[in-house]
Amino acid sequence: MIRTWRGRVARTLRGELAYIRGSWRGLATKGSHQRLQARQIGKATLAAVLAWFLASRLLPHESIWIAPATAVIMVHATVYQTLTNGLRRVAAVAAGVILAGSIGSLIGLTALSLVLVIPPALLAARWRRMGRYGSDVAATAVLMLSFGAASQERYLLAYIIATAMGAVSGAAINTLLWPPLYHRRPDAAFRRLAEQGAALLGDVADGLRQGWDLSGLAEWQAQATRLTERLDAAEAAVAAGAESRRYNLRRLTAPPGRDHTPQGWAVSGSLLTDAHRIMILLTDGHGPTMVAPAQGPH
């Protein structure tokens with residue numbers, strides 16, 4: 001029992017150390033995911049400092065913290081997300097503050113005020129244009145009521161302004177300072193998909209060439225399943241690449257990304273369909289039947 005526990009701990013530690021070493025090596029590689037993440041962390045820190053500097057000079061002391069807290073979460077993976085989510089965040093906070101202020105100024109924090117505030121706040125949160133920041137409507141309203149600030153008009157206004165300062169700071173830093181652009185990701189994703197597909201078909205061909213050897217059938221099935229996962233990753237990479245160009249100043253100097261939609265999906269869909277059909281034929285009488293996926297993007 002102790003040996004088993006020690007073995008698991010040792011494997012976990014080795015895995016974590018390998019991850020740390022890989023991340024450290026990635027920082028030295030131009031265009032790596034690790035270098036991008038380090039840059040985004042630095043930008044979020046700079047955005048928080050900028051928001052704090054502005055808020056500390058323009059707003060009451062008790063509301064300063066809101067600006068850097070908002071700025072940190074506004075440095076998103078793409079400029080488009082930063083701008084749209086910044087607007088959603090400010091709108092959600094403003095809606096929550098208005099709800100809390102309109103009710104709290106009349107009756108304060110009571111069970112009745114919560115009954116009057118929370119249902120409309122949650123209804124506003126479900127508006128699709130609010131996105132993931134819809135919950136901030138209810139959270140802000142309840143916080144304002146709970147802190148007794150719902151009747152303090154000066155604090156409520158400062159709360160909204162501080163949120164807007166944080167959103168603007170995050171948007172400015174992420175838009176003007178090394179805005180993320182993922183024009184290489186789709187190419188890399190399709191290349192990995194093609195390499196795995198070629199490896200699968202090569203393994204199957206080798207097995208059939210050697211006297212119809214199906215000993216690797218289980219592994220071939222697993223590879224075919226991983227191909228589907230690779231296609232999903234390629235779809236996500238294409239979507240991220242297209243989104244990263246929206247409102248991005250770097251797109252003016254960066255080379256245009258390839259349009260993978262017509263040819264890439266057709267080839268990838270045919271590869272997946274053919275691979276799964278081969279697995280179905282080989283599996284017949286040797287294991288569970290697999291269902292071929294529909295051709296094209298999904």
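Predicted model: local features only at pLDDT ≥ 70, side-chain atom pairs only at ≥ 80, totals over all residues.

User: Is Y247 buried, partly exposed or exposed?
Analyst: Its relative accessibility is 46%. Buried needs a value under 20% and exposed one over 50%. Because 46% falls in between, Y247 counts as partly exposed.

User: What is phi for Y247?
Analyst: Most residues other than glycine have a negative phi. Y247 is not a glycine, yet its phi is positive. The value for Y247 is near 60°.

User: What about W178: what is its phi?
Analyst: W178 sits in the loop between α7 (153-176) and α8 (185-209). W178 is not a glycine, but its phi is positive. For W178, phi is about 45°.

User: And is W178 buried or exposed?
Analyst: The relative accessibility of W178 is 52%. Exposed means over 50%. Because 52% passes that cut-off, W178 counts as exposed.

User: What share of the contacts with a separation of 6 or more comes from residues 24 or more positions apart?
Analyst: For background, the protein chain has 298 residues, and 39% of them are buried. The accessible surface comes to about 17400 Å², with 63% of that surface belonging to carbon and sulfur atoms. As for contacts with a separation of 6 or more, the share from residues 24 or more positions apart is 74%.

User: Is the crossing of α8 and α9 left-handed or right-handed, and how do the contact residues divide?
Analyst: The crossing of α8 and α9 is left-handed. By class, the residues of this contact divide into 15 nonpolar, four polar and five charged.

User: How do α4 and α7 run relative to each other?
Analyst: The axes of α4 and α7 come within 9 Å, and their crossing angle is roughly 180°. Angles over 145 degrees count as roughly antiparallel. So α4 and α7 are roughly antiparallel to each other.

User: How many charged residues are in the contact of α4 with α7?
Analyst: On the α4 side the residues include G86, R89, V90 and V93, and those they meet in α7 include Y159, I160, T163 and A167. The contact has 12 nonpolar and seven polar residues. The charged residues number one.

User: What about α3 and α7: is their crossing left-handed or right-handed?
Analyst: The axes of helix α3 (residues 66-74) and α7 come within 7 Å and cross at roughly 35°. In α3, I66, A67, T70, A71 and M74 meet residues of α7, among them Y155, Y159 and T163. The contact of α3 with α7 has nine nonpolar, five polar and no charged residues. The crossing is right-handed.

User: Is T163 buried or exposed?
Analyst: T163 belongs to helix α7. Beyond its neighbours within four places in sequence, T163 is in contact with I66, T70, R89, V90 and V93. The relative accessible area of T163 is 1%, and under 20% means buried. T163 is therefore buried.

User: Which residues does R89 contact, leaving aside neighbours within four places in sequence?
Analyst: R89 lies in helix α4 (residues 79-107). Its relative accessibility is 13%, so R89 counts as buried. The contacts of R89, with those neighbours left aside, are T70, I73, M74, Y133, D136 and T163.

Terms used:
Residues numbered from 1 in each chain as written. Heavy atoms only, no water. Helix = DSSP H or I, 4+ residues; strand = E, 2+ residues; numbered from the N terminus. Buried < 20%, exposed > 50% of the residue type's maximum accessible area, 1.4 Å probe, protein only. Contact = heavy atoms within 4.5 Å. Areas by Shrake-Rupley, 256 points an atom, 1.4 Å probe, with all protein chains shown as cover. Left-handed = near helix turned anticlockwise from the far one by under 90°. Nonpolar A, V, L, I, M, F, W, Y, C, P; charged D, E, K, R; others polar. Axes fitted to C-alpha atoms, helices over the stretch in contact; angles between N-to-C directions. Parallel < 35°, antiparallel > 145°, perpendicular 65-115°, else oblique.
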